[in-house]
Amino acid sequence: MVFWLARASLRRRAGAFTGSFLVLLFGAVMVMSFASMLDTGRGTGVDAISSETLTTMGSVVGGWGMCLVVFAVVSTLGLSVRQRATETALLKSAGATPAQIVRMIAGEAALVSVAAAAAAVAPSYLLGRFLLGLLKDTGQVAGGVAFAFGTIALLVGFGVTVGSAVIAALWTARQATRVSVAVSVIGAATGPVRLTWKRIVPAAVLLIGGLYLGVLTVTAFADKGPDAMPVAGQACILASMGLALLAPGLVRATTALTGRLLHGRGAAGYLTVQHLRRRTGQAASALMPIILFTGIGTGILYLQLIENRAVAATGYLRSNEQQNIQTLNLVVIGMIVVFACIMLINTLVASTTFRRREFAQLRLAGATPAQVLRTVRTEGLVIVATGTVLGVLASAVTVLPYSIVRADRWIPDLPAWVLLAIIAVAVTATLSAALGTAHRMLRTPAVDAMAP
Amino acid sequence: MFQQGMVTPPLASGQALRLDAVTRHYESPGGTVRALNGVSLALDGGSFTAVMGPSGSGKSTLLQCAAGLDTPTSGRVLVDGVEMSGGTEAELTRFRRNRIGFVFQHFNLLPTLTVLQNATLPLRLAGKRVDRTQAVEVLTRVGLADRLDHLPAQLSGGQQQRVAIARALVAGPRVVFADEPTGALDTRSARQVLALLQEAVRIDGRTLVMVTHDPVAAAHADQVLFLADGRLVGRLAEPTAAAVADAMTRLTDQAARGRVAEGV
């Protein structure tokens, strides 16, 4: 019965699942292609050095990618479950037990994630082969090593994708169904997301971990030169994830700080404040990927730039190994940043599409389309400004310590355009996703858009 | 409950709403749907008109065209003597702001705004000064003085519809349109809502046009207009619930016979 309901719901609302599917697909590709390095490393006739490089690449880099994928999947599916609170409440009032609803939502997550993981196999094979080619070209893996894509890639790929999707769905669905029918109908309209200990504790662990790695860079690794790079690099990943977990609280703080300023900005500013105040969860799920994108992007790119400048200062030509590290860093960072960017766009498109009815109600109450778009733009600007400031803060635990170690100064003497470019990408992605979707919503006449 | 002059003085009578040969056609896969087929009518200021008809007769389309929420295919709509120019959505919105209030079947309150914020939203959107005292007065009149800071989800259906009435009245429009305003309410809430709408006409001199399928609701009006297949087919002055019900039965039977004759 429940499986049938899950399938019917998937078929009727294909659009709503496209976003989750895309995030799961890109996540699965990232995890699978790095895991295929482990398959390749276990092949017969692979020499010890090549094997070790491949294993490190697969487990360390793949591991970080996996963390990010789990994070993205949990937040994307959490958002989609929260957006369906009204439907959940209706199902409950129609007699569905909480357990049936939880099974239905988990069933949907399982179907979507299995489909995404299956679709990821072919692109992962190609990307894995490209990564191996890169490792061979830079001389880190012997030229004779044959590419393998087998059990580990498939097990890890399917396991991480399907596992994190189902667990995220179960967890969010259980929270969503725990409250009574009456309260969940009210909750559907107000949707409060509180900063609970379940968020604060892991956030604190991640933030302290990030700071600790930053401190470790300037103490234990102070005279280790480029060997401090991985330590410093991981600091900003941890710190960004920690801040991202605190997003609901950060949205509330931002609302309190900017409320007075926005109130003077006409109807758009007024509506933005009310939205941020009452739809904290929606704003928070957009804030998270902005923090991750800016934090990790800024941290790792400047890490590499500091390293390049330090090598140039020695007057020697860059060694082959240093060249390799740079190439790998850029590939890895490229993938992570692209992934965070996809997650950002997906979140904004999903949460803006969800507001179709609200936009129609605004128009019926006397808002012109331009006023609706101004409101969406103001909200987007507040969130992206908050996210980039916090992201830059998170990147500091990588950039400042590594600059001390390699250049003997806190603020690296490096061009600001890299930072400006990252901020420009964040602002462009946020505004174009939100405004583009809102623009699409406005094409339907308000009276028709009210139809459920 | 309504005292004269609390919101705005009664409006002078004279033609408040006029439709000249309004048609509205839709293109659908099955061919052209003629939702409105040349409807003309003129309503005096301070009048209360109910519009009835079998489902699919075009009542909601009529209301939406008259209220500037939809654009007629041909014909003219004049509110307060000013022609509604079928321009962009923004132009229509600005036209509606000063002249038209709308009450929907499903309330359409913004879920993120409180009762007071919802009631004053049209003023904010129009860039007008929000007079809190006046807004509280209107909300007191609809019986929600103690609910100002509640969110719509914390109110009953009847209470939400009363907020929606306050919102429709707050900008002092000449014409108020109501599309099945009691359709989602229980009998007692429906009576309260109808009493409030009636008082807006009798005391404030607003012009009210209400689409309904309920003969009891229609009996609150000064006259009932009957619509079938996109045309006005009848008028009943000083309606009673029984007379309205009779007229509707005849109309529904005719429509059914018409469909049989056409072989639909």
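Residues count from 1 along each chain as its sequence is written, while chains are lettered from A and ligands numbered from 1 in the order in which they are written. Because the model is predicted, local features need pLDDT of at least 70 and side-chain atom pairs count only at pLDDT 80 or more, whereas totals for chains, interfaces and linings use all residues.

**View 1. Where chain A meets chain B.** Each partner brings its share to this contact: 25 residues from chain A and 25 residues from chain B (two residues are in contact if their C-beta atoms, placed from the backbone, lie within 7 Å). On the chain A side, two or more residues come from each of H7 (181–190), H11 (266–278), H14 (356–364), H15 (369–407) and H17 (446–449). Helices (H or I, at least four residues) and strands (E, at least two) are DSSP runs, numbered from the N terminus. H11(A) gives the most to this side, with six residues. By type, the chain A side holds 14 nonpolar, eight polar and three charged residues; here Ala, Val, Leu, Ile, Met, Phe, Trp, Tyr, Cys and Pro count as nonpolar, Asp, Glu, Lys and Arg as charged, and the others, Gly among them, as polar.

**View 2. A closer look at helix H11 of chain A.** Since 10 of its 13 residues are buried, H11(A) is largely enclosed by the rest of the structure. Among the buried residues you will find Tyr270(A), Leu271(A), His275(A) and Arg278(A) (buried means that 20 or more other C-beta atoms, placed from the backbone, lie within 10 Å of the residue's own).

**View 3. The two domains of chain A.** Domain 1 covers 1–191 and domain 2 covers 192–452, with bounds from an automatic or database domain assignment. Their C-alpha centres lie 22 Å apart. The contact takes 23 residues from domain 1 of chain A and 26 residues from domain 2 of chain A. H3(A) gives the most to the domain 1 side, with 12 residues.

**View 4. An open sheet in chain B.** Four strands run in the order E2-E1-E4-E5, with antiparallel pairing. E2 (31–44) and E5 (82–83) are the edge strands, each pairing on one side only. Strands E1 (15–28) and E4 (74–79) of chain B pair over five bridges (two strands pair if DSSP finds at least two bridges between them). Follow Thr23(B) to its bridge partner in E4(B), Ser74(B).

Key. Buried ≥ 20, exposed ≤ 12 C-beta atoms within 10 Å, placed from the backbone.
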